[in-house]
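Colleague: Before we discuss the packing, could you show me the model, and then take my questions one at a time?

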Amino acid sequence: MTSQVSSPAEQADGADEAAVGEQRAPLASDQLPENSPPPQQAEAKEVRRLNRVIIRFAGDSGDGMQLTGDRFTSETASFGNDLSTLPNFPAEIRAPAGTLPGVSSFQLHFADHDILTPGDAPNVLVAMNPAALKANLGDVPRGADIIVNTDEFTKRPMAKVGYQTSPLEDGSLEAYQVHPVPLTTLTIEALKEFGLPRKEAERSKNMFALGLLSWMYHRPTEGTEHFLRTKFAKKPQIAEANVAAFRAGWNFGETTEDFAVSYEVEPATAAFPTGTYRNISGNLALSYGLIAASLQADLPLYLGSYPITPASDILHELSRHKNFGVRTFQAEDEIAGIGAALGAAFGGSLAVTTTSGPGVALKSETIGLAVSLELPLLVVDIQRGGPSTGLPTKTEQADLLQAMYGRNGEAPVPVVAPRTPADCFDAAMDAARIALTYRTPVFLLSDGYLANGSEPWRIPEIDELPDLRVQFATGPNHELADGTEVYHPYKRDPETLARPWAVPGTPGLEHRIGGIEKQDGTGNISYDPANHDFMVRTRQAKIDGIRVPDIDVDDPHENTRTLVLGWGSTYGPITAAVRRLRAAGTPIAQAHLRHLNPFPGNLREVLARYDKVVVPEMNLGQLASLIRAKYLVDAISYNQVNGMPFKAEQLADVLKEANDA
């Protein structure tokens, strides 16, 4: 779903976590949003304007919370708000119903201004059962709205999560604005005319909740109704039942006395440059970036992959785009996936393999082979909690050192990391540029937070994309002493140190490939010590010489003492924390790394400007270790490995303490 923005402006989010605003006159029934279903009674209600809202939908993993959140997000994007999302779900396909480990949630932060994170704490919690309430209550601030499905608060479901008495009746929720709604009963009643079995009708209660929240925040409805009719096109009765439940939720909000107020959040028109926008997740943006890179390089795109959470969506998405010359191969295991991809690189394709941390460990030998062969290959690692199987659906940044050093011998590989879901598109293009220009495998380190999260993305114009076309070798490139012209597969470009790329079958360009050390120039097998020393140092020099942009420093103050340095998905929380501190009068500088190997050429000079360098990471200090080792800077490491992204308030407190120490 796309929307047009036509007034460019910049708006600092110093109040990224600021609260509500003005109150407006009640909205009469004839002033409802254009696509809203007609209310059952024309009764005016008060409308208040907010500048931002954080909503969390929570329930069993079978309650459709991800779908509900996704639909609310899509309508919010089409309305023109800035937004950021945080899906959070268990690893099990169908976790035990009604249990704390089985709770699935979807958090959405939307605003009338530029925002960077899914928000620290929800203003509204929709809890579909006791487990959802208990699992999420600790994140809900006092005074927030809690909408609970009272039908699920019976003895057995409450006992499953340790409630001896009903929290709806024992006074434990007095600090919150609780809205008890019998969602299941109301849904079944609304769908009576469809003659569905009770269990089937109950499944639409998430659409009732979506309709209610759509009324509360004046979300468009036409897109959701179209989505439901399309999704269930082969089951028209189910489609219309879900539409009816959705409309019933809207009408309930309009007519019930329990919801006396609805809210408006204006579009974030001033937050975006002019362009056409759509909501996009990190994995989808990365997929589009790979396709765009292949088209800009005029090369077929080949993906060799084995399904693994949270990277599988890339395989699913790329398999839909055969019309762009994309070939996808779902291999029997991780090793076969990267082996096929490396073969495709040898054959002249833009080759990609996708995985997560456990898969990188299995692919490491073939990555080393790609280093030796000096062929372009993109290794996309969507990081998750580890080690081993770890936390498949939770986020982490703990694969950095594995990407840097997780191979035998001296096997240097460039490392690129996107910072937001939308930035995954540009990071994929950049990784492809490096791989193709320097004939090397490249690591692209995203993570589960970016992969599943979403935000508005400005769709670029074709002429804004870089030209990635490469020249294949077409004939001999070396003259022997006797005047004979031959092809040397390891004769290097003097500027990039890249070797030529010859497509198999090109007459006269036959050459050996394999993992045994090659002789400089000829590519023949060589065990000569001096040659091995030269080749190892040359491969390292090639990576060290990769051209990457200087790192930008955001430092509006003079005499700033502290720099906060981040990489990857910590960008949003760090930037939100920095804005908070500056709004409170604390000077602090910020820089964020996309290129982790090689580092930007000006990084040493940047680090030397500041008395203190704080490095927040979702690991135990991997970037901080690299910074200390390379630049001899006593970086202050702040770490979190709980499977969740940093919160802005949490980081602001840490940075303030470090700055004041």
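Modeller: This is a predicted model, in which local features need pLDDT of at least 70 and side-chain atom pairs count only at pLDDT 80 or more, while totals for chains, interfaces and linings use all residues. Residues are numbered from 1 along each chain as its sequence is written, and side-chain values use heavy atoms, with hydrogens and water left out.

Colleague: In which strand is the place of Ser 305?

Modeller: Helices (H or I, at least four residues) and strands (E, at least two) are taken as DSSP runs and numbered from the N terminus. On that numbering, Ser 305 belongs to the strand that covers residues 301-305, namely β12.

Colleague: Is Ser 305 buried or exposed, and with which side chain does the side chain of Ser 305 make a polar contact?

Modeller: Ser 305 has 2% relative accessibility and therefore counts as buried, where buried means under 20% relative accessible area, exposed over 50% and partly exposed in between (1.4 Å probe, protein chains only). Leaving aside neighbours within four places in sequence, Ser 305 is in contact (heavy atoms within 4.5 Å) with several residues, including Leu 315, Phe 329 and Thr 353. A polar contact is a pair of N or O atoms within 3.5 Å; within protein, one must be able to donate a hydrogen and the other to accept it, and residues adjacent in sequence count only if both atoms are side-chain atoms. At 2.7 Å, the side chain of Ser 305 makes such a contact with the side chain of Thr 354.

Colleague: Which residues is Arg 469 in contact with, leaving aside its neighbours within four places in sequence?

Modeller: Arg 469 is found in the loop between β18 (454-458) and β19 (478-479), and is exposed, with a relative accessible area of 58%. The side chain of Arg 469 makes a polar contact with that of Asp 467 (2.6 Å). Although Arg 469 and Asp 298 are 171 residues apart along the chain, their C-alpha atoms are separated by 6.0 Å. Beyond the sequence neighbours, the contacts of Arg 469 are with Gln 296, Ala 297 and Asp 298.

Colleague: How are α7 and α8 oriented to each other?

Modeller: Helix α7 (residues 222-231) and helix α8 (residues 236-255) have axes 8 Å apart and pack at about 155 degrees; axes are lines fitted to C-alpha atoms, for helices over the stretch in contact, and angles run from 0 to 180 degrees between N-to-C directions. Angles under 35 degrees count as roughly parallel, over 145 as roughly antiparallel, 65 to 115 as roughly perpendicular and the rest as oblique. The orientation of α7 and α8 is therefore roughly antiparallel.

Colleague: How are α6 and α8 oriented to each other?

Modeller: The axes of helix α6 (residues 205-216) and α8 come within 6 Å. They cross at roughly 40 degrees, and the orientation of α6 and α8 is therefore oblique.

Colleague: Which helices do the buried residues of α7 pack against?

Modeller: The buried residues of α7 are Gly 223, Thr 224, Glu 225 and Leu 228. In the meeting of α7 with α8, Thr 224, Glu 225 and Leu 228 are among the residues that α7 provides, while Gly 223 and Thr 224 are among those that meet α1. The axes of α1 and α7 come within 9 Å and cross at roughly 135 degrees, which makes α1 oblique to α7. The helices against which the buried residues of α7 pack are α1 (65-79), α6 and α8.
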